[in-house]
Amino acid sequence: MKVYVVGGAVRDQLLGLPVQDRDWVVVGATPDDMLAQGYKPVGRDFPVFLHPRSREEYALARTERKTAPGYKGFVFHTDPGVSLEEDLIRRDLTINAIAQDEDGTLIDPHGGRADLEARVLRHVSAAFAEDPVRILRVARFAARFADFSVAPETLALMGAMVANGEVDALVPERVWQELAKGLMEVRPSRMFEVLRRCGALQKILPELDALWGVPQRPDYHPEVDTGVHMMLVMDMTARLDAPLPARFAALTHDLGKGGTPAEALPRHVGHEARSVALLGPLCERLRVPADCRDLARLVARHHGEIHRYDELRPNTVVRLLERCDALRRPERFGQLLLACEADYRGRSGFEARAYAPAQSWQRALMAVQAVDAGAIARACTEPGQIPDRIHQARVAAISPLPRKAAAS
């Protein structure tokens, strides 16, 4: 029985990055051997065990055989005779197919170290084509390792997989899982760039794919192309260290521009409502979590008003704060403002500009929060008038505020 650390832990160690967790492969053992040493079984599809002390995962070396479309269409085979090399050849990328034994010796049968040095994402073998999730993983790794390129032969293989319909077999939960991880990487735009280049974006997120080639007014958007704008916005969300709901909201806030009538271009009147209408089916299709879905709807519907704070009447400001439930959920409202800031600064030449509306909206929210709604309700002799009295008090509270925030 021999034990090797494999995959991301070895890769990140060689790149000089922090190692978050370690995965292990066990060669020459049976499930009974693992149980006898105190390991706890956790794998449903193939034998994976938790170490009795470290709780790290130890998987028996295995081979696999494709039996049906999709990433679940595999039969796995494990026995003590499966070699480390046989296990490594089933992995996705060469940089993830490096192992290290207990003495620190590296086992690298597929040139992973050379690809690390060359900054290349390259598939290990033709078996890559059997698992469509690997398309999403390559795109996600491109977002994580922003200075890595995708090998031309790997990109071509991914394109062939899309053409063969493998992507159509992906289950929504797995697509969302990979997209969510990619959204949180250092260069989210690269994930969508890779997916678009191999044709997968049109299958997975056709609403987003439709934005490339759609023009916008150059006086507002010097980059003109809506798809290019969206990628600038996504990288700005990473620069702002935005949480996942804000990043997803930023990704989807302009989907409606893909449906603007050609005769109306480059203006996009009514794109907010069109974006909201597209979000419902998209979120249902990908099983998007409620916190991401709900914030995305708010940003899609209200980002134009958020940008124009200094043009709004106090009554409109209060109504919007109430519609966004900002008083009860100020943290979510803060994420809405973050997504709007990414939208504003995700334009050519706007990257370093301050987003003044965020300061104005936060000041207005604080003023509204200071209104004692309970005292107003207690003093009101007509219960039916309570909501209007509270609303008017909130309007009065923000009326003295300056219409523009000071630039920072």
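1. Helices (H or I, at least four residues) and strands (E, at least two) are DSSP runs, numbered from the N terminus. In those terms arginine 287 sits in the loop between α13 and α14, and its phi is near 55°, a positive value in a residue other than glycine. Buried means under 20% relative accessible area, exposed over 50%, and partly exposed in between, with a 1.4 Å probe and protein chains only; arginine 287, at 47% relative accessibility, therefore counts as partly exposed.

2. On the basis of the note: this is a predicted model, in which local features need pLDDT of at least 70 and side-chain atom pairs count only at pLDDT 80 or more, while totals for chains, interfaces and linings use all residues. Residues are numbered from 1 along each chain as its sequence is written, and side-chain values use heavy atoms, with hydrogens and water left out.

3. On the chain as a whole: there are 19 helices and 11 strands, and the C-alpha atoms fill a box of roughly 80 × 50 × 40 Å, taken along the principal axes. Of the 408 residues in the chain, 48% are buried. Where contact means heavy atoms within 4.5 Å, residues 24 or more positions apart account for 65% of the contacts with a separation of 6 or more.

4. On the sheet: two strands are taken to pair if DSSP finds at least two bridges between them, and by that rule 7 strands form an open sheet with mixed pairing, in the order β3-β4-β5-β2-β1-β8-β9. Its edge strands are β3 (40-41) and β9 (106-107), each of which pairs on one side only. Strand β4 (residues 48-50) and strand β5 (residues 57-60) run antiparallel and are joined by 3 bridges, with alanine 59 of β5 as the bridge partner of valine 48.

5. On strand β1 (residues 2-6): this strand is mostly covered, since 4 of its 5 residues are buried. With strand β2 (residues 23-27) β1 pairs in the antiparallel sense over 5 bridges, and with strand β8 (residues 99-100) it is joined, again antiparallel, by 2 bridges. Valine 5 has a partner in each of these strands, namely tryptophan 24 in β2 and glutamine 100 in β8. Helix α1 (residues 8-15) lies across β1, β8 and β9 and runs at about 55° to β1; such angles run from 0 to 180 degrees between N-to-C directions, and axes are lines fitted to C-alpha atoms, for helices over the stretch in contact.

6. On the cores: a nonpolar core is a set of buried Ala, Val, Leu, Ile, Met, Phe, Trp, Tyr and Cys residues joined through side-chain atoms within 4.5 Å. The largest has 103 residues, and those with the most contacts inside it are Phe192, Leu205, Leu208, Phe248, Phe333, Leu336 and Trp361. Helix α5 (residues 133-144) gives the most to this core, with 8 residues. Apart from that core lies another, of 10 residues, among them Val6, Val25, Val27 and Val82.

7. On tryptophan 361: not counting residues up to four places away in sequence, tryptophan 361 touches Glu305, Ile306, Tyr309, Leu312, Val317, Leu320, Leu321, Phe333 and Leu337.

8. On a helix pair: the axes of helix α14 (residues 290-307) and helix α16 (residues 330-345) come within 9 Å and cross at roughly 60°. That angle makes α14 oblique to α16, given that angles under 35 degrees count as roughly parallel, over 145 as roughly antiparallel, 65 to 115 as roughly perpendicular and the rest as oblique. The residues in contact include Leu295, Leu298 and Ile306 of α14 and Phe333, Leu336 and Leu337 of α16.

9. On alanine 367: this residue is found in helix α17 (residues 356-369) and is buried, with a relative accessible area of 16%. Leaving aside its neighbours within four places in sequence, alanine 367 is in contact with Ala397, Ile398 and Leu401. Alanine 367 and serine 399 are 32 residues apart in sequence and 9.7 Å apart in space, C-alpha to C-alpha.

10. On two further backbone features: a cis peptide bond, with omega of about 10°, joins leucine 265 and proline 266, and proline 266 has its place in the loop between α12 (244-252) and α13 (271-286). Valine 224, in the loop between α10 (206-209) and α11 (226-239), has a phi near 65°, a positive value in a residue other than glycine, and is partly exposed, with a relative accessible area of 32%.
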